[in-house]
Number of protein chains: 2
Amino acid sequence: MTQQYHAKIYVTLRPSVLDPAGTAVRSGLSHLGYDNVEQIRIGKYIELTLSADTPQAAETQLDRMCDQLLANTVIENYRFELTAVSDVPVTTGAA
Amino acid sequence: MTQQYHAKIYVTLRPSVLDPAGTAVRSGLSHLGYDNVEQIRIGKYIELTLSADTPQAAETQLDRMCDQLLANTVIENYRFELTAVSDVPVTTGAA
C-alpha cells in the first residue's frame, strides 16, 4: 500500500574539504563581535515528501536520489531521517 | 566557567515564500525518473562550536547571531539544537 513519507536530508561537506563559505561567515560573525565562534561549517538541509510502498523502498530511493543529484559524494556526506506521514519515525540512513 | 557548545542550526524558507531551487531540484529528480517526490524545500544546515559561560548565554548569543547574520528572518525561519561538548543535550530554540 502506497504511503507518504517525509524526509529530512542533511548534506554536509566532508571534513577534509575546505569550507570557504563557513570561513566567510565566521569572519562576518567576528566583525559583529562574536569572536568566540569556531569551526563553522555550512551545509544543506532538504525537506521533501515522497510516496512509496514500504519504508525500505523509500529509504532505497532516497539513497539513490542523494547519490545522483542531492549530494556531490566526492566532497559531501549526507544523512537522512525518514518519517511516515502519520509521524512515526521509520528509519535513518547515511553515507 | 567557560564551556564549549556545539550548535546545529536549521535555516528554512518560510512556508509562504516560493522556493525556486526546490522546484528546480524536483524537476531534476523527475527527469531522473523519481516522479513520486513532492514538496521539496531547500534550506541551510549550519554546524558551529562556540564557548560560553552558561547554556543560556550560548542560546542567547545563537539567537542574536541567527537574527543578525545567519538567517534572513524576513523570508526564513531558523531553529537550533545546542549541545555541551560533553555531548549532553542542553536546549533547543527557534524563531
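This is a predicted model: local features need pLDDT of at least 70, side-chain atom pairs count only at pLDDT 80 or more; totals for chains, interfaces and linings use all residues.
1. In chain A, the charged end of A:Arg79 sits over the ring of A:Tyr10, 4.2 Å from the ring centre. In chain B, the face of B:Tyr10 has B:Arg79 over it, at 4.1 Å from the centre of the ring.

2. Over all chains, the structure holds seven aromatic pairs. One of them joins B:Tyr78 and B:Phe80: the ring centres are 6.5 Å apart and the planes meet at 10 degrees, so this pair counts as stacked. Both B:Tyr78 and B:Phe80 are buried.

3. Now for helix α2 of chain B, residues 55-70. Its end C-alpha atoms are only 20 Å apart, whereas a straight helix of 16 residues would span 22 Å at 1.5 Å a residue. The buried residues of α2(B) are B:Ala58, B:Gln61, B:Leu62, B:Met65, B:Cys66 and B:Leu70. Viewed down the helix axis, they fall within an arc of 140 degrees, so they line one face of α2(B).

4. What covers that buried face? Chain A contributes α1 (20-31) and β2 (37-52), and the cover from chain B includes β1 (3-13), β2 (37-52) and β3 (76-84).

5. Lastly, the cysteines. A:Cys66 is buried, at 0% relative accessible area, and B:Cys66 is buried with a relative accessibility of 0%. There are zero disulfides over all chains.

Conventions
Residues are numbered from 1 along each chain as its sequence is written. Chains are lettered from A and ligands numbered from 1 in the order in which they are written. Side-chain values use heavy atoms; hydrogens and water are left out. A disulfide is a pair of cysteine sulfur atoms within 2.5 Å. Buried means under 20% relative accessible area, exposed over 50%, partly exposed in between (1.4 Å probe, protein chains only). Rings of Phe, Tyr and Trp (its six-membered ring) pair if their centres lie within 6.5 Å; planes under 30 degrees apart count as stacked, over 60 as edge-to-face and the rest as tilted. A charge sits over a ring if NZ of Lys or CZ of Arg is within 6 Å of the ring centre and within 35 degrees of the ring normal. Helices (H or I, at least four residues) and strands (E, at least two) are DSSP runs, numbered from the N terminus. The expected span of a helix is 1.5 Å times one less than its number of residues. The arc is that of the directions from the helix axis to the C-beta atoms. Contact means heavy atoms within 4.5 Å.
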